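Hi,

Here is the structure you asked about. Open it first, then read my notes alongside it.

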Amino acid sequence: MIPELQEAISIAQENLYRGFISSKRSGIDWLNTVCGDFYKLFRVLHKFLAFEVGDNVAIMEMAFLCLSQIVVCIRSLERTLTTEQEQKCVLSSTRQCFLDRIIWCLTKIKTLSDEETPCAQDCTTESNFVSFLDLALNLVGPLTVAFEDSGLNRAQQDADAMMECTRIRSVIEALITQSFAFGNVLEDEDKNRLTNVCQRVLKECIALEKESALVEGASRPDGQNRRLKASVLESAIYHLETQVNDCLLKIVFETFAEMDRKLIGRMRKLVKEEASEEEIDNMTNRIDTMVDRIMQIGLFAISYADNYKAASDIRSCLASIEALDSYLIPSFYVNCDHHSKLLEDHWLDESALLRCHVQKIIDSNAFALCLIEIIEAGIDRMAESFDPTDAENLVRKANVFKQHVEINATDLKLNQTESFRLYFEDFKMMVLECKAIVKCFEEDPSIGEDRILKRFRILLGKLRKIQLSISAGKVSQPVKEEPVEPTPLVVAQTDEEKEVDQSVREFFSNSIQKPSTGSILYRSTRGEKSRRDSTVSLLELKSFSDITAQLRKRAETTPDRNAAKGLSAAHSSRKKLIRRNSLRVVLFKRQQSKQTAEFFESFKSDIDLQITDILDQLTDLSSTFTSAPAKEQQHMDKTVLEKRIEEVVLTETKVLPSTRKSITKEEIAIHEDNRISINITTDI
């Protein structure tokens, strides 16, 4: 550690400790002094990262995360001090919550810059599902082509293939472990489906490894069979990616719709009303599940982010939500409304910011297609047995997509395309229609269910038009390939196949109890009921760190290796290896992975951008403290438009003359066929 950085950290820590005691010396003036200390610290840290760290991505990621968290906590700390002055109270618990996080971040920075304790952490860009997926495909790809003309003897080729299959097995197991972590937050049906795909991937991997094994006294492996099994394994890996991406978009709708329910506020109400322990436990479990899903969505969003600034912002939001896990729910039991309200506002701000960042990453066309499937399934389910809860869930999910379009309005050219804008306005109107009639049904169950289904079908028609408009606006949109499920055949298994099945069962029996999420920065202390309490930090996972570094270099250099390097010699003499486009090209705005040199150069050039942005935030805190980050626009339960819609719905229910245009005309726009419907209206 350079002496200047050590001195800056010591000064900031010493000044921070005065904030634990509420007094005139630890008010707004004290906080201004702290901000000055941090400004000097960040400038010194900037020089350290630019000239001392070099290409260590893990250190840079953690440094940016700690800097962002410090700025966020200072903003919340200022709100706490302002509340103390206005309400004439002492909020020592709230102070401690944010000061502890700031000191934790300073300790992390000190550890990162200490040469005697080098950072042994993996960066999130190398320890996630996407990383292992790309690595597995890069390793399997060369095995799917022939290399008999490489100039190597047959024995050397077989030996290289066997070593390559061993490496593939290690990466596949890491990939399946990441899939388990994601599967633990899914519904049972999706989880079982994902587990079956994982079993198939591992089974095909073991079969390839068996085919390439060199056994003394046995015949040499058949190169053609090996290529066939490698191709089958590659197809299974693509199928796994398809399944994960489909499930990911579904839980984005589920989780963001659940966040709109304001579960935190409902939990506060239950505690305040002294509800039964069972009700509180059920609500706590729902919040735990929601947070687990948020963490998984955030981790995927980090890996899919197309720039490091976006990834850093997402990680900061996840770290804030993770830190509040230890404080938020316990604060409801403390006899201090200001303390719990400040923490709740902090949670709402960070979760809203996270939703905004994730919405910017998701591909709009894939998001619309996913919602179409959800609404279609919901309409079929309600047609069989109507449940107003299902209808409410569909309305909330439609609102999630509405927010997505509004956030990405510039990229989608919403205001520049007249037809698209009109379709979206109609879609928003139908969302309000569906919300209104569901609410009226709760008040008056005599409303016909067909009226409700009719509006949801119209909503579905409007959504289809939006999806077609988005799809038409894409210049080169890859076609989504539907995975073909292999038809199981009941045949007699050989001893070798039985051994493969046994290996798969052993792996799954040992690996199925993987943690659902990993810690981004902080550790939960809320008790054993929280599954996140016992998980290991994603940045501290070292199970596959030894193979990642070596295999990444090998995989990235595989297409360009010369004949002397063995297995891919034929590949270097052929044309560029043709491989299917990844499904992520369809689902996410993510460019093809870059070369290692470009990766590090772009990351280094991004240091100035992020540090400058953080310094600007820190300098400008005095004018932005009291203004919280912009919250998402929330509609009132009864806006003027909704009141008008509800009046019309009730009027239609009583079979009174209508005073506005009937929405039956919307049905004509959807069904462009030979049917003719005549509707006479009177506008007043």
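Start with helix α10 (residues 277-304) and helix α13 (residues 337-361), which pack at an angle of about 40 degrees with their axes 10 Å apart. Axes are lines fitted to C-alpha atoms, for helices over the stretch in contact, and angles run from 0 to 180 degrees between N-to-C directions. That angle makes α10 oblique to α13. (Under 35 degrees counts as roughly parallel, over 145 as roughly antiparallel, 65 to 115 as roughly perpendicular, and the rest as oblique.) The crossing of α10 and α13 is left-handed: the near helix is turned anticlockwise from the far one by less than a right angle.

Which residues make the contact between α10 and α13? From α10 come Met 290, Ile 294, Ile 297, Ala 301 and Tyr 304. From α13 come Trp 347, Leu 354, Val 358 and Ile 361. Contact means heavy atoms within 4.5 Å. These residues divide into nine nonpolar, no polar and no charged. (Ala, Val, Leu, Ile, Met, Phe, Trp, Tyr, Cys and Pro count as nonpolar; Asp, Glu, Lys and Arg as charged; the others, Gly among them, as polar.)

The model is predicted: local features need pLDDT of at least 70, side-chain atom pairs count only at pLDDT 80 or more, and totals for chains, interfaces and linings use all residues. Residues are numbered from 1 along each chain as its sequence is written, and side-chain values use heavy atoms, with hydrogens and water left out.

Helix α13 also packs with α11 (residues 308-324), at an angle of about 150 degrees and with axes 9 Å apart. The crossing of α11 and α13 is left-handed too. On the α11 side, the residues include Asp 313, Cys 317 and Leu 324. On the α13 side, they include His 346, Trp 347, Glu 350 and Ile 361. The contact of α11 with α13 has ten nonpolar, five polar and two charged residues.

Now the loops. Lys 262 sits between α8 (223-259) and α9 (263-272). Its phi is positive, about 60 degrees, although Lys 262 is not a glycine. Lys 262 counts as partly exposed, at 32% relative accessibility. (Buried means under 20% relative accessible area, exposed over 50%, partly exposed in between, with a 1.4 Å probe and protein chains only.)

Asp 260 lies in the loop between α8 and α9. Asp 260 is partly exposed, with a relative accessible area of 23%. Leaving aside neighbours within four places in sequence, Asp 260 touches Arg 355, Val 400 and Gln 403. Asp 260 and Lys 397 are 137 residues apart along the chain, yet their C-alpha atoms are separated by 9.6 Å.

Lys 413 is in the loop between α16 (409-412) and α17 (418-443). Its phi is near 55 degrees, a positive value in a residue other than glycine. Lys 413 is partly exposed, at 45% relative accessibility.

Last, the whole protein. How many helices and strands does the protein have? There are 26 helices and zero strands. Helices (H or I, at least four residues) and strands (E, at least two) are DSSP runs, numbered from the N terminus. Buried residues make up 50% of the 684 residues. Among contacts with a separation of 6 or more, 80% join residues 24 or more positions apart.

Best wishes
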